[in-house]
Amino acid sequence: MNTIKSIKNAIVCLVLLPRFLMAAVMFWLLDFLCIRKRVFLRMKEQEGDVIDPPVCISDSNRLFSMESLKAVWHGHKLDFLKAAHLGHGAPNSEVVQLGDQQRSRILDYAKDKRPLILNFGSCT
């Protein structure tokens with residue numbers, strides 16, 4: 001059982017690696033543009049007329065940090081492993097009836113040629 005889980009995790013990592021590396025490169029480029037902007041602003045203060053650098057997302061917080069890369073990896077992994085995907089069939093999750101605690105599936109409540117509407121609310 002652990003071998004199967006390890007193989008599944010390895011496959012997920014291999015599939016997610018290109019997306020993750022692309023996001024890391026984008027973060028590095030955005031940070032590079034921020035540093036470049038700061039250098040140009042200092043040069044402008046010293047010399048006078050220097051071409052304005054591109055707009056910067058953030059000067060104080062860096063995007064290319066270990067914390068942000070961990071968050072991106074976790075987000076990509078959650079997105080990849082979710083049950084519902086755009087353009088695919090709806091997941092048929094198990095539900096429990098409140099009255100008799102009987103278990104059934106969501107799509108068991110669907111009627112022919114009628115949409116099944118799920119209303120998620122909260123009682124506080």
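Author: Buried means under 20% relative accessible area, exposed over 50%, and partly exposed in between, computed with a 1.4 Å probe on protein chains only. The model is predicted, so local features need pLDDT of at least 70 and side-chain atom pairs count only at pLDDT 80 or more, while totals for chains, interfaces and linings use all residues. Residues are numbered from 1 along each chain as its sequence is written, and side-chain values use heavy atoms, with hydrogens and water left out.

Reader: Why is histidine 76 called buried?

Author: Its relative accessibility is 18%, and the limit is under 20%, so histidine 76 counts as buried. Histidine 76 is found in helix α2; helices here are DSSP runs of H or I with at least four residues, strands are runs of E with at least two, and both are numbered from the N terminus.

Reader: Which residues is histidine 76 in contact with, leaving aside its neighbours within four places in sequence?

Author: Contact means heavy atoms within 4.5 Å. By that rule histidine 76 touches Leu16, Arg19, Phe20 and Ala23.

Reader: What makes up the largest nonpolar core?

Author: A nonpolar core is a set of buried Ala, Val, Leu, Ile, Met, Phe, Trp, Tyr and Cys residues joined through side-chain atoms within 4.5 Å. The largest one here has six residues: Phe20, Ala23, Ala24, Phe27, Leu69 and Val72. Phenylalanine 27 is in contact with Leu63, Phe64, Ser68, Leu69 and Val72, leaving aside neighbours within four places in sequence.

Reader: How do you know that aspartate 79 and arginine 19 meet in a salt bridge?

Author: A salt bridge needs a side-chain nitrogen of Lys or Arg within 4 Å of a carboxyl oxygen of Asp or Glu. For aspartate 79 and arginine 19 the N to O distance is 3.6 Å, so the pair meets the definition. Aspartate 79 lies in helix α2 and arginine 19 in helix α1, so the bridge ties together parts that are 60 residues apart in sequence.

Reader: What is linked with Arg19 and Asp79 in a network of salt bridges?

Author: Lys82 is linked with them. The side chains of lysine 82 and aspartate 79 meet at 2.9 Å, N to O.

Reader: Why is arginine 103 called exposed?

Author: Its relative accessible area is 56%, and exposed means over 50%, so arginine 103 is exposed. Arginine 103 forms a salt bridge with glutamate 94, which counts as partly exposed at 44% relative accessibility.
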